Amino acid sequence: MADALLETRALTAGYGEMQVLRDISLAVQPAEIVAIVGSNGAGKTTLLRAISRLIPCGGEVTFDGKSVSHATADEVFGSGLVQVPEGRQLFDRMSVEENLRMGAYRRGDRRAIDDDLDRMYTLFPRLSDRRRQLAGSMSGGEQQMCAMARALMARPRLMMVDEMSLGLAPVIVDQLLETMTAIRKEGVTVLLVEQDVHAALSVADRGYVMETGEIVREGSARELESDPEVQRAYLGEV
Amino acid sequence: MELLAQVLVGGVLLGGLYALMALGLALVWGVLNIVNLSHGALIMLGAYATYYLFTGTGLDPFAALPITAIVLFVIGWLIQRGILNLVIRGPMFNTLLITFGIEVILTYLAQLLFSADFRAINPPYAGNNFRVLGITIPLMQVLAFAIAIGLTVAMWLFLLHTRVGRGIRAASQNLVAARLYGVNPRSIYALTFGIGSALAGVAGGLYGTVSQINPYIGGPLTAKSFAIAIIGGLENPLGVIVGGLVLGIVESLTALYAGSTYRDVASFGVLILVLILRPTGLLGRTT
């Protein structure tokens, strides 16, 4: 598919001698929500780290028609491919507002940044009350909102969200998933990596299933949800 | 009583200068996680740069400070890009050894180029004093104090309220997240080390206006800067003001009551006490 926004071909990556990813080929179309699901240790986080160029990788990654296989992490970010990392990774000793401004680190358009700040506070009203609070002192759900808002401040074309649901109450997860659908309506493509298969497939258009560093299944979210193999392995149904 | 007040004022004025000396070391330590043992040598180079700008061109020493800052920024930037960048991911022991080596090289280069003679930066108004409430205050010390504190506060505002300042703090708080959000660690590190060196250079220039300089002043000044950074903590640039004032006052009081031979004993006694009682610094790592 030539018009894919993000495409990986035969992507391999690992840490030192240990190869974690083998031959990952996937594509994300503009304005899609794509889920990558799989159990702990399947290599999902490694995949996002490789795409963001935090770790070296082999194979080919193209974003918006351009190869980013040899780019640096900040160049990948600059091209509009933005990651919300696992564990949030906020700047703990900065205020919420400063964290959001860090999302706009590569932008120079001051007035538009201020407008976007207001948009974020409308999208996440909880953050609005806490804009002066240190990010590290908030609850997990608020931190996740802050992490997503920080990513959106970069005006991403594709937002990769890693294990958003980890450690959060189901109510908060549902709220964040709703936000993600709203974000997509504004034209942001979303690549969602989740252990919570059910939550991920409930908002996604398509999905990939990863196991031990390989993609073992792909299809529409509906197909995957009703796939007996996926149900047995991940959804706890027989 | 009057003598005590005189000594305290002297301690405070010295403390302001100490704060600026330590600021660059604390900044580099906090962001690059390098304790730069060549920091004092950079202070020494800044003192000589200011001295030669003053004696060579007749420029007022305080007006020469911006040029000193630029020269030292370039030197620092080159040291980081050319040498330290090679060991930035290495264990702390390596960076300690390398910066110690740089200190030795800079000290002996200075001895070759500038000779071991004592020098002083003495503009025509160097002897001026004024008296407030019976206390004599030397003009040079007041100027050095004001510039040092002003620069420290300016640096604090820069880190807090500018985009680049935020990038520097981001890199020190969470490097992975900083990289994910468009901060290029190579350029932030070189910039930070350059700024740290420029601050050292200005501190050196000011030191030369209130004290004599020679190529060997670096070592003790590195140690004092280290003590102040520990007292003030690395996170808040204003912490070095507290650390600097504590050290300045303790040193001055010791010189008064125990004799000036014991100056350094007192300042490093304070360091050891702080390390035992509050290993994170008096002010801790808070913003």
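A salt bridge here is a side-chain nitrogen of Lys or Arg within 4 Å of a carboxyl oxygen of Asp or Glu. In this predicted model, the side chains of Arg106(A) and Asp74(A) form such a pair, with N to O at 3.1 Å. Because the cut-off is 4 Å, the 3.1 Å of Arg106(A) and Asp74(A) qualifies.

**Domains of chain A**

Contact between them involves 13 residues of domain 1 and 12 residues of domain 2. About 1200 Å² is buried between the two domains of chain A, and carbon and sulfur atoms give 73% of that area. On the side of domain 1, the residues that lose the most area to domain 2 are Phe77(A), Met159(A) and Leu176(A), which together make up 29% of what that side buries.

Between domain 1 and domain 2 of chain A there are two salt bridges, and two residue pairs are in polar contact, both residues at pLDDT 80 or more. Helix H2 (73-78) and helix H7 (170-185) of chain A are the elements that give two or more residues to the side of domain 1 that touches domain 2. H7(A) provides the largest share of that side, six residues. By class, the side of domain 1 that touches domain 2 has nine nonpolar, two polar and two charged residues.

**Chain B against chain A**

Chain B puts 22 residues in contact with 27 residues of chain A. The two chains bury about 2200 Å² between them, 56% of it on carbon and sulfur atoms. In chain B, the greatest losses of area to chain A fall on Arg166(B), Leu180(B) and Tyr181(B), together 36% of what that side buries.

One salt bridge is counted between chain B and chain A. The side chains of Glu98(A) and Arg169(B) meet in a salt bridge at 2.3 Å, N to O. Helix H6 (163-173) and helix H7 (175-180) of chain B each supply at least two residues of the side that touches chain A. The largest share, seven residues, comes from H6(B). That side of chain B comprises 10 nonpolar, six polar and six charged residues.

**Buried areas**

| Interface | Buried area | Carbon and sulfur share |
|---|---|---|
| Chain B and chain A | about 2200 Å² | 56% |
| Domain 1 and domain 2 of chain A | about 1200 Å² | 73% |

Technical notes: Residues numbered from 1 in each chain as written. Chains lettered and ligands numbered in written order. Predicted model: local features only at pLDDT ≥ 70, side-chain atom pairs only at ≥ 80, totals over all residues. Heavy atoms only, no water. Contact = heavy atoms within 4.5 Å. Buried area = accessible area lost by both parts, 1.4 Å probe. Helix = DSSP H or I, 4+ residues; strand = E, 2+ residues; numbered from the N terminus. Nonpolar A, V, L, I, M, F, W, Y, C, P; charged D, E, K, R; others polar. Polar contact = N/O pair within 3.5 Å; in protein donor to acceptor, adjacent residues only side chain to side chain.
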